[in-house]
Amino acid sequence: MIYAADIILPISNPPIANGAVLVTDGRINAVGVKDELLAANPGEEVTEFADAILMPGLVNLHGHLECSSFDFLAKPTPFSEWVGTIIQAGLKMQRDDWLSASRAGVKKYFVSGITCTADITRSGVGLQAVAEAGMPALVYLEAVGIDDRNLTDAVVDLLERVKSAQSILGVGDIKVGLSPHSVYSLSKSALKVCNDISLEYGLPLSIHLTETQAEVELICSGTGSLASTIGKKMRLEVIKQGGTGKTPAYYLNDLGLVRDSLIAAHGVWLSDRDIALLQEKGSAVAVCPTSNELLGSGEAPIKQFIEHGLEFGLGTDSPASNPDMDLFVEARKARAILEKQLGQAKPQSEVSAALSPKRLIEMMTLGAARILGFADDLGSIDPGKRADFIILNHQDTASDPYDYLIETASKSLISQTILSGNIVYNR
Ligand SMILES: [Zn+2]
């Protein structure tokens, strides 16, 4: 099959006008100018997309497929209250509910042009949903709500989930990781056990880190709104002992979890010193602007991430705090946050160039694929990679395609999403 479009955005190479991609057995066989590709492959079936850009599918750095039915929780709510409501909503879910929510979540992703994701699953069914859909994913098994009272049972359960997850490996392009939920929903011993399991089974890590200022206060001094909410449900030494005097990032580092396989979700309240630490250890941050905005958590220090050379990308988080799940919107918001942090002083600086439209599109595709360890397989249109594309309506042929996408695109411009060469969403 040859897919042709007015513009192909390979990401790894400059845009191709009147381009085409030859797909064989779900993989990219060749990419180039349409007329040349047609001449070289006579008799090959051709699908032409008119007034369209063809680009790689988007890669989401932070999501929770199993929470896709929780959009009713997406209301401006203080974080410590919102956490309570999402836990309550979760208690009402049975395994089948989680599974149907995860399957529906995959469909929502295809509508949003997301063809690869970092997914956090508490129930474990996120693995099944992406495997069924043939969607590449790094699925993190979540550990949450563990203190020293339920530690033994929780570890047995976690090890069982890790072992059963191993059986799904080899089904499509799926990797398994481990997600200790956060430094405030796991005791120190529980975090240490997560570190041990991650090292023993070679599982990459993801954690919600400094999503709110209240989390920093809880870890540093054992006080604040989150400490009073969590303190009622869990026994945490950090609260009992009046804090650690450290930031969450340094606390986590002392326990061994700040490593090159770590993706810290949110990172809103990371200090300069924390950012330097994460950069030095080779960790990355998944920035989730809409979720932070809705819950009033603040804005990630994107300017400092860039100045320190810390790797970061964009995540949707779940519909419980971002019902739209539109990475184009997240990209625009990230750029607006950076512009605000830069002020009027140096609009053309190197820092602002780090989030140019071209760099943002790269961040949403190849950059995120690199962070998740999928860059050899997806994220750009290159021979040998998976044929995972999105097709976007493109009327404005005069402007630069990257500018066009970042200025105006949203998921509503996506007309088709293609996974392994097959159309999985057709508007
Ligand atoms: Zn999250």
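K340 and E299 form a salt bridge, with their closest N and O atoms 2.9 Å apart. The term covers a side-chain nitrogen of Lys or Arg within 4 Å of a carboxyl oxygen of Asp or Glu. This pair links distant parts of the chain, 41 residues apart. K340 sits in helix α14 (residues 327-342), while E299 sits in the loop between α12 (289-294) and α13 (302-308). Helices (H or I, at least four residues) and strands (E, at least two) are DSSP runs, numbered from the N terminus. K340 counts as exposed, at 56% relative accessibility. E299 is partly exposed, at 38%. Buried means under 20% relative accessible area, exposed means over 50%, and partly exposed lies in between (1.4 Å probe, protein chains only).

The model is predicted: local features need pLDDT of at least 70, side-chain atom pairs count only at pLDDT 80 or more, and totals for chains, interfaces and linings use all residues. Residues are numbered from 1 along each chain as its sequence is written, and side-chain values use heavy atoms, with hydrogens and water left out.

**Salt bridges**

By the rule above, the count comes to 16 salt bridges. Four of them are tabulated here, by name and distance.

| Pair | Closest N to O |
|---|---|
| K340 and E299 | 2.9 Å |
| K303 and E307 | 3.4 Å |
| R27 and D173 | 3.9 Å |

K303 and E307 both lie in helix α13. They are four residues apart, about one turn of the helix. K303 is buried, with a relative accessible area of 19%. E307 is partly exposed, at 43%.

R27 and D173 belong to a network of salt bridges that also links D377, R386 and D388.

**Two domains**

The domain assignment gives domain 1 (2-57 + 380-426) and domain 2 (58-372). Such bounds come from an automatic or database domain assignment. The domain centres, taken over C-alpha atoms, are 31 Å apart. Domain 1 brings 26 residues to the contact and domain 2 brings 27. Contact here means heavy atoms within 4.5 Å. Together the domains bury about 2200 Å², with 68% of it on carbon and sulfur atoms. Buried area is the accessible area (1.4 Å probe) that two parts lose on being put together, summed over both. Three salt bridges run between the domains.

**The zinc site**

Which protein atoms are the donors of the zinc ion? They are H62 (NE2), H64 (NE2), H208 (NE2) and D317 (OD), lying 2.1 to 2.6 Å from the ion. Donors are N, O and S atoms within 2.8 Å of the metal (3.2 Å for Na, K and Ca); water is not among the atoms, so sites may look incomplete. Along the chain, the donors follow the spacing H-x1-H-x143-H-x108-D. H62 lies in strand β5 (residues 58-63) and H208 in strand β9 (residues 205-209), so the pair ties together parts that are 146 residues apart in sequence. H62 is buried, at 1% relative accessible area. H208 is buried as well, at 4%.

**A loop residue**

Q94 is placed in the loop between α2 (79-91) and α3 (95-111). Is Q94 buried or exposed? Q94 counts as exposed, at 52% relative accessibility. The C-alpha atoms of Q94 and S123 are separated by 9.0 Å, with the two residues 29 apart along the chain.
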